[in-house]
Amino acid sequence: MKHALNQKPDYEKELRKAGVRITKPRRIIIDILTSTEDHPDAMKIFHRAIEIDASISLSTVYRTMNLLEEMGAIHRHAFNGGPSRFEQAHGEHHDHLIDIDTGAVVEFKSDKIEKLQEEIAKSLGYDIVHHRLELYGRKTGKSS
């Protein structure tokens with residue numbers, strides 16, 4: 001599911017194509033996902049959803065996230081073994097830097113890193129099919 005950089009993904013259309021009924025709770029979850037700029041976990045999505053409709057259950061959030069992940073519409077990340085966090089699957093490839101003090105996720109792209117990964121794989125006789133790079137760090141000047 002590819003999207004232009006500033007175009008919002010149409011999760012509702014994708015779910016309908018997959019034969020999934022769009023309920024009010026699912027529509028609310030979809031709206032939250034298309035408007036988020038962060039990498040929320042299921043609990044954050046759930047808390048945002050119940051602010052809109054208190055009848056939404058956590059299991060509905062999980063089922064919807066699983067459906068979207070199975071369709072390739074979202075990516076699931078488990079940064080540093082923490083709870084699964086989600087991001088939209090559209091857009092260009094990027095890597096992540098996770099702040100170990102705050103849990104903030106910073107997206108970045110580095111042509112140097114991409115080229116080096118290709119060189120390493122090629123030198124070992126491989127073509128990269130898929131990869132994820134996660135760096136874990138602390139803001140400069142902070143100590144543990």
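Mentor: Two residues are in contact when heavy atoms of theirs lie within 4.5 Å. The model is predicted, and the part to look at is helix H4, residues 58–70.

Start with its length. After the helix comes Gly72, with a positive phi near 85 degrees.

Next, the buried residues. In H4 these are Thr60, Val61, Thr64, Met65 and Leu68. They cover an arc of only 130 degrees around the axis, and therefore lie on the same side of H4. Their packing partners are helix H1 (11–17), helix H2 (24–35), helix H3 (42–52), strand S1 (74–77) and strand S2 (85–88).

Take one of these partners, H2. The axes of H2 and H4 are 10 Å apart and the angle between them is about 65 degrees. The crossing of H2 past H4 is right-handed. From H2, the residues Pro25, Arg26, Ile29 and Leu33 meet Thr60, Val61, Thr64, Met65, Leu67 and Leu68 of H4. Sorted by class, this contact has 7 nonpolar, 2 polar and 1 charged residues.

Buried means under 20% relative accessible area; Thr64 has 0% relative accessibility, so Thr64 counts as buried. Apart from neighbours within four places in sequence, Thr64 is in contact with Arg26 and Ile29. Both Arg26 and Ile29 are among the H2 residues that meet H4.

Notes
Residues are numbered from 1 along each chain as its sequence is written. This is a predicted model: local features need pLDDT of at least 70, side-chain atom pairs count only at pLDDT 80 or more; totals for chains, interfaces and linings use all residues. Side-chain values use heavy atoms; hydrogens and water are left out. Helices (H or I, at least four residues) and strands (E, at least two) are DSSP runs, numbered from the N terminus. The expected span of a helix is 1.5 Å times one less than its number of residues. Buried means under 20% relative accessible area, exposed over 50%, partly exposed in between (1.4 Å probe, protein chains only). The arc is that of the directions from the helix axis to the C-beta atoms. Axes are lines fitted to C-alpha atoms, for helices over the stretch in contact, and angles run from 0 to 180 degrees between N-to-C directions. A crossing is left-handed if the near helix is turned anticlockwise from the far one by less than a right angle, and right-handed if clockwise. Ala, Val, Leu, Ile, Met, Phe, Trp, Tyr, Cys and Pro count as nonpolar, Asp, Glu, Lys and Arg as charged, and the others, Gly among them, as polar.
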